[in-house]
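Please have the sequence and the model open side by side while reading, and follow each residue as it is named.

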Amino acid sequence: MQFQQPQNHQNIETGMVPPQMNHGGHEMFDVHEVLAGSINTMNTYIMLSGHIQDPELRDILQRQKQFMADEYNITLECFKSGLDPSKPTQSYKMKQRNDFTYGMKPSQPIKPIQSAAEIKDETIALSMLNAVKSGATMKTNAAMETTNPVVRRVLADSLPNCIEMAYEISLYQNKHGYYQVPQLSQQDMQQMQNGYALVPMQPQMSGKLSPH
């Protein structure tokens with residue numbers, strides 16, 4: 001991703017704003033929440049890793065945590081400098097196939113665990129999913145409040161990665177029966193899909209006035 005270098009900014013009270021101070025108040029608080037949230041997610045992954053039984057889930061956790069650490073470093077670097085990071089942002093690539101199984105089958109009701117001995121892969125996958133979803137929300141809010149163009153772009157680039165990680169975890173959950181996906185009837189789906197029509201596209205105006 002090519003970043004746009006910050007332009008010269010001014011504070012009406014103090015004059016020119018150096019690159020490392022090119023952040024608004026809302027941005028400072030929201031990016032602080034993003035960075036703290038990223039640390040918490042990585043800490044959560046570390047705490048969960050010792051309880052994993054399935055090698056496939058362990059592989060997902062390790063790959064995601066490594067990517068999160070790199071993304072955290074990039075975000076922190078440009079937040080401190082206000083300039084382009086030393087390396088570009090990357091796109092997270094999952095290993096799961098995009099195959100969902102739809103439909104519901106009877107299952108036991110879930111409830112909170114009562115001891116650490118009850119932690120199992122199903123619990124771990126759900127905790128990972130919730131952590132990634134929480135990060136996506138915080139990064140979206142922060143990007144909307146960010147004035148520094150580089151930090152804003154880094155946060156925006158991070159959102160597809162959060163979505164991809166969450167999707168990877170949900171696919172794992174679905175494959176192992178931890179996450180069931182109900183589906184509407186074919187008739188109801190078609191009725192909803194056909195409830196919208198395309199908007200006619202008008203040719204673009206040149207902006208020039210025609211001579212009288």
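The paragraphs below go from the helices to the core, and then to the cavity, the pocket and a loop.

This is a predicted model, in which local features need pLDDT of at least 70 and side-chain atom pairs count only at pLDDT 80 or more, while totals for chains, interfaces and linings use all residues. Residues are numbered from 1 along each chain as its sequence is written, and side-chain values use heavy atoms, with hydrogens and water left out.

Helices here are DSSP runs of H or I with at least four residues, numbered from the N terminus. Helix α2 covers residues 55–81, and its 27 residues should span 39 Å at 1.5 Å a residue, which agrees with the 39 Å between its end C-alpha atoms; the expected span is 1.5 Å times one less than the number of residues. At the start of α2, a side-chain oxygen of D54 comes within 3.1 Å of the backbone nitrogen of E56, and after the helix comes G82, which has a positive phi near 75°. Helix α4 also has 27 residues and reaches 40 Å from its first C-alpha to its last, close to the expected 39 Å. The N-terminal end of α4 is capped by N148, with a side-chain oxygen 2.9 Å from the backbone nitrogen of V150, and α4 is followed by G177, whose phi is positive, near 80°.

Of the 27 residues in α4, 19 are buried, where buried means under 20% relative accessible area, exposed means over 50% and partly exposed lies in between, with a 1.4 Å probe and protein chains only. A nonpolar core is a set of buried Ala, Val, Leu, Ile, Met, Phe, Trp, Tyr and Cys residues joined through side-chain atoms within 4.5 Å. The largest such core has 36 residues, of which Y45, L57, M128, V132, L155 and I169 touch the most other members. Helices α1 (25–49), α2, α3 (121–145) and α4 (149–175) each supply at least two residues of this core, and the largest share, 10 residues, comes from α4. Leaving aside neighbours within four places in sequence, I169 is in contact (heavy atoms within 4.5 Å) with Y45, I60, Q64, A125, M128, L129 and V132.

Grid points are joined across faces, edges and corners, and a volume is the space filled by probe spheres set on the points. A search of the whole structure finds one cavity of 30 Å³ or more, and the largest cavity has a volume of about 40 Å³. Its lining consists of F67, D70, E71, I74, T89, Q90 and N161. E71, in helix α2, counts as buried because its relative accessible area is 12%.

The largest pocket has a volume of about 760 Å³. Its lining has 24 residues, of which Q108, I110, E122, L126 and Y178 lie nearest its centre, and α3 gives the most to that lining, with five residues.

Finally, G103 lies in the loop between α2 and α3. G103 and Q180 are 77 residues apart in sequence and 6.6 Å apart in space, C-alpha to C-alpha.

Definitions and conventions. A polar contact is a pair of N or O atoms within 3.5 Å; within protein, one must be able to donate a hydrogen and the other to accept it, and residues adjacent in sequence count only if both atoms are side-chain atoms. On a 1 Å grid over the protein atoms alone, a cavity is a set of points where a 1.4 Å probe fits but cannot get out, and a pocket is an open set with protein on both sides within 12 Å along at least five of seven lines; lining residues have an atom within 4 Å of a point.
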